[in-house]
Amino acid sequence: MLALTELGQRLRQERESKGLSLEDLQKLTKIQKRYLLGIEEGNYEVMPGKFYVRAFIKQYCEAIGLDTDAIFEEYKSDIPSTQTEDMPQQLSRVRSRKEIPQHTKGVSKAYDYLPTVLVVAGVVVVGIIIWVIAQNIVSDKNKEQANQEAPNSEVQQSNTQEETNETTAKNDNSNSEDEQSAADKKEQEKAEKEKAAKEKAEKEKAEKEKKDSGKQEYKEVQKTGRSATYALSGTDAFNLEVTSTQADTWLDVKNGKGNAFFSSILKKGETKEFDLTKETEARVNIGYSPGVELKVNGKAVDLPFDSSKQVRQVVTIQYQPAEAQ
């Protein structure tokens with residue numbers, strides 16, 4: 001095994017302090033595990049190129065919450081520069097005239113005639129534009145002459161028709177405004193009903209949680225290593241809330257059968273809620289526990305271990321509904 005560089009040691013320590021394995025980091029960064037291991041061991045030979053070394057290190061730092069610019073400055077002696085990166089041989093040489101395919105010579109000759117073709121095309125376009133303008137001028141003169149010769153009765157009839165159109169338009173606008181007003185009123189009534197229903201549901205939920213919290217029992221069953229088991233009883237609901245207040249953390253929530261409800265990064269200030277009423281057991285794996293808060297049925301519960309001493313913690317909650325007791 002290769003000796004770790006100072007950068008590799010720093011990255012591995014930071015990753016492990018957040019409770020992340022290389023497999024977890026692979027999921028977050030989409031970088032193959034062997035490249036991540038190569039970064040930690042300083043084995044950059046496994047990378048596809050020097051550019052990828054810097055890019056992968058940057059993604060690694062971002063995934064575990066480190067300042068990329070500070071890391072690159074502090075460990076610049078451990079990170080290769082991309083300025084000496086060689087270009088592929090086939091892209092770094094200019095092709096000689098002999099290497100140019102023979103079939104392109106005909107195309108080159110065609111380009112010699114291009115200026116003449118463009119000039120002819122320009123003359124044709126200018127001629128078309130002049131003809132269109134002349135036709136429009138003649139058409140406008142004919143229309144003006146026809147309007148001057150029209151009888152006064154036709155002018156009056158036109159004015160009457162315009163007045164009729166204006167009256168019809170006003171009536172249509174009035175009807176449209178009435179319909180819009182009725183639609184707005186109906187929409188407002190619908191929104192008020194939905195709001196009232198939502199408030200009623202929230203009130204009933206709060207009352208039920210308050211009622212359940214009075215007889216709810218949450219007690220420790222056992223502790224071992226970084227894991228602890230609790231028993232939840234005396235309630236007909238099992239709602240779990242997980243909030244991270246200090247930093248991003250890895251969170252994995254599964255039921256007793258191993259089916260995952262959530263398996264990803266929980267951002268700082270983010271809260272995830274889980275309705276586990278139909279489950280008999282839930283396993284909560286917290287990668288970085290400082291600042292993480294747990295609530296069961298709206299009631300805050302303590303983590304089993306001191307977060308400053310045990311960063312990663314696993315909490316298993318066994319649930320038995322009150323009606324089954």
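**Close-up views: helix packing, rings and charges**

**View 1. Helices α1 and α3 cross.** In this predicted model, helix α1 (residues 6-17) and helix α3 (residues 33-41) have axes that come within 6 Å and cross at roughly 120 degrees. That makes α1 and α3 oblique to each other. On the α1 side, look for Gly 8, Gln 9, Leu 11, Arg 12 and Arg 15; they meet Leu 37, Ile 39 and Glu 40 in α3.

**View 2. Tyr 218 and Tyr 230 form a stacked pair.** Searching the whole structure turns up 6 aromatic pairs, and here is one of them: the rings of Tyr 218 and Tyr 230 sit 4.8 Å centre to centre, with 5 degrees between the planes. Tyr 218 belongs to strand β1 (residues 217-224) and Tyr 230 to strand β2 (residues 227-233), so the pair ties together parts that are 12 residues apart in sequence. Tyr 230 has a relative accessibility of 7%, so this residue counts as buried.

**View 3. Four aromatic residues make up one cluster.** The members to pick out are Tyr 35, Phe 51, Tyr 52 and Phe 56.

**View 4. The charged end of Lys 18 sits over the ring of Tyr 288.** From that charged end to the centre of the Tyr 288 ring is 5.6 Å.

**View 5. Lys 223 lies over the face of Phe 305.** Here the distance from Lys 223 to the ring centre is 5.3 Å.

How values were computed
Residues numbered from 1 in each chain as written. Predicted model: local features only at pLDDT ≥ 70, side-chain atom pairs only at ≥ 80, totals over all residues. Heavy atoms only, no water. Phe/Tyr/Trp six-rings, centres within 6.5 Å; stacked < 30°, edge-to-face > 60°. Helix = DSSP H or I, 4+ residues; strand = E, 2+ residues; numbered from the N terminus. Buried < 20%, exposed > 50% of the residue type's maximum accessible area, 1.4 Å probe, protein only. Lys NZ or Arg CZ within 6 Å of the ring centre and 35° of its normal. Axes fitted to C-alpha atoms, helices over the stretch in contact; angles between N-to-C directions. Parallel < 35°, antiparallel > 145°, perpendicular 65-115°, else oblique. Contact = heavy atoms within 4.5 Å.
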